[in-house]
There are 2 protein chains.
Amino acid sequence: MPRATTNADVFNAVAEARRREILSFLVGSERCVGDIAEALEMGQPSVSKHLKVLREVGLVRARRDGRRMLYSVDAEAIRPLHEWTETFRRYWRHQLDRIKDRAERPDDRERTDS
Amino acid sequence: MPRATTNADVFNAVAEARRREILSFLVGSERCVGDIAEALEMGQPSVSKHLKVLREVGLVRARRDGRRMLYSVDAEAIRPLHEWTETFRRYWRHQLDRIKDRAERPDDRERTDS
DNA sequence: TTGATATTTTCCGATATGGGAATATAATTG
DNA sequence: CAATTATATTCCCATATCGGAAAATATCAA
């Protein structure tokens with residue numbers, strides 16, 4: 001048996017750096033395939049295929065607008081991932097202490113940019 | 001080229017369901033390879049290889065104890081993942097505000113399932 | 001050293017994957 | 001309908017990956 005799960009779940013969908021780029025580019029707005037391809041410098045078929053994967057796991061939504069398809073993030077689908085990481089949070093939390101309190105405030109949140 | 005980055009980063013390491021199982025099993029305690037293999041019903045070489053991947057991205061630490069190797073989670077390494085999901089957090093919070101609108105209809109979201 | 005136990009590594013086969021090129025489909029316009 | 005634009009899908013190839021079996025290490029004990 002090869003790769004056990006394939007990318008049929010959010011974890012796998014997000015494992016691909018290109019797909020994370022697409023999600024980041026998409027967040028908060030609706031974009032068509034061509035704009036994504038241009039902005040991220042990917043081939044159009046490649047973008048289409050990535051979007052398909054993202055759509056299959058519910059990370060993006062698609063809506064037709066004339067000849068174009070407009071894609072947007074369905075952030076709700078990221079929650080399972082977030083919650084999975086939360087499981088481990090208390091184990092790193094002692095190193096953060098106060099930061100956690102500020103973390104709830106959007107303006108002075110720490111930046112990691114990784 | 002297949003998966004662009006290979007599993008040289010946390011996202012890829014965690015994309016594998018087996019590795020997530022290992023991390024969950026490991027959280028908060030130290031376990032040797034054999035115990036992991038037995039508890040999760042995996043082949044022992046398979047576990048070793050997964051642990052290697054996890055170790056290479058810093059998700060686990062290894063310590064020798066006699067003939068055994070004891071593995072433990074380094075939760076700190078999960079933070080990048082956590083923080084990445086945080087980027088999207090306000091968008092699902094935003095959606096939560098509206099969830100009551102859809103509350104009556106369990107599923108009116110488009111499904112593509114192709 | 002020899003033997004037993006624990007783990008890692010190597011080799012292998014089956015399969016999944018991403019990207020590009022080409023092709024197909026869809027929607028709009030004339 | 002034909003032409004154009006925007007996306008999706010198919011085909012092909014190179015490569016990564018998982019798992020199992022077998023072999024290689026490592027550690028301890030007698």
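## How two helices cross in chain B

The crossing of α2(B) and α3(B) is right-handed. This is a predicted model, and that crossing is a handy place to start looking around. Helix α3 of chain B covers residues 33–40, and its axis comes within 11 Å of the axis of α2(B), with a crossing angle of roughly 115°. Angles of 65 to 115 degrees count as roughly perpendicular, so α2(B) and α3(B) are put in that class.

Who does the touching? On the α2(B) side you'll find B:Glu21, B:Ile22 and B:Phe25, and on the α3(B) side B:Ile36, B:Ala39 and B:Leu40. Sorted by class, the residues of this contact come out as 5 nonpolar, no polar and 1 charged.

## The hairpin in chain B

Next, the strands of chain B. Strand β2 (residues 60–65) and strand β3 (residues 68–73) of chain B run antiparallel and are joined by 6 bridges. One of the pairings puts B:Arg64 together with B:Met69 in β3(B).

What do β2(B) and β3(B) form together? They make a hairpin, with 2 residues between the strands. In the turn sits B:Gly66, which has a positive phi of about 65°.

## Chain A from end to end

Over to chain A, which has 6 helices and 3 strands. Read from the N terminus, its elements go α-α-β-α-α-β-β-α-α. Chain A has 114 residues, and 25% of them count as buried. Now take the contacts in chain A between residues at least 6 apart in sequence: 45% of these join residues at least 24 apart.

## The sheet in chain A

The 3 strands of chain A form an open sheet with antiparallel pairing, in the order β1-β3-β2.

Strand β3 of chain A (residues 68–73) runs antiparallel to β2(A), and 6 bridges join the two. Within that pairing, A:Asp65 stands opposite A:Arg68 in β3(A). Then there is helix α2 of chain A (residues 17–26), which lies across β1, β2 and β3 of chain A and runs at about 90° to β3(A).

## Some loop residues to look for

A:Ser29 is in the loop between α2 and β1 of chain A. Is A:Ser29 buried or exposed? A:Ser29 has 11 C-beta neighbours inside 10 Å, so it counts as exposed; the cut-off for exposed is 12 or fewer. A:Ser29 and A:Ser72 are 43 residues apart in sequence, yet 6.2 Å apart in space, C-alpha to C-alpha.

A:Glu41 has a positive phi of about 55° although it isn't a glycine. You'll find A:Glu41 in the loop between α3 (33–40) and α4 (44–56) of chain A, and A:Glu41 is exposed, with 7 other C-beta atoms within 10 Å. Chain B has its own entry here: B:Glu41, not a glycine either, has a positive phi of about 55°. B:Glu41 is in the loop between α3 and α4 of chain B, and with 7 other C-beta atoms within 10 Å, B:Glu41 is exposed.

## Where the chains meet

Finally, how many residues of chain B are in contact with chain A? The count is 30 residues of chain B, in contact with 31 residues of chain A. On the side of chain B that touches chain A, α1 (10–15), α2 (17–26) and α5 (79–102) of chain B each supply at least two residues. The most come from α5(B), which gives 13 residues to that side. By class, this side of chain B has 14 nonpolar, 7 polar and 9 charged residues.

Methods
Residues numbered from 1 in each chain as written. Chains lettered and ligands numbered in written order. Predicted model: local features only at pLDDT ≥ 70, side-chain atom pairs only at ≥ 80, totals over all residues. Pairing = 2+ DSSP bridges. Helix = DSSP H or I, 4+ residues; strand = E, 2+ residues; numbered from the N terminus. Contact = placed C-beta atoms within 7 Å. Axes fitted to C-alpha atoms, helices over the stretch in contact; angles between N-to-C directions. Nonpolar A, V, L, I, M, F, W, Y, C, P; charged D, E, K, R; others polar. Buried ≥ 20, exposed ≤ 12 C-beta atoms within 10 Å, placed from the backbone. Parallel < 35°, antiparallel > 145°, perpendicular 65-115°, else oblique. Left-handed = near helix turned anticlockwise from the far one by under 90°.
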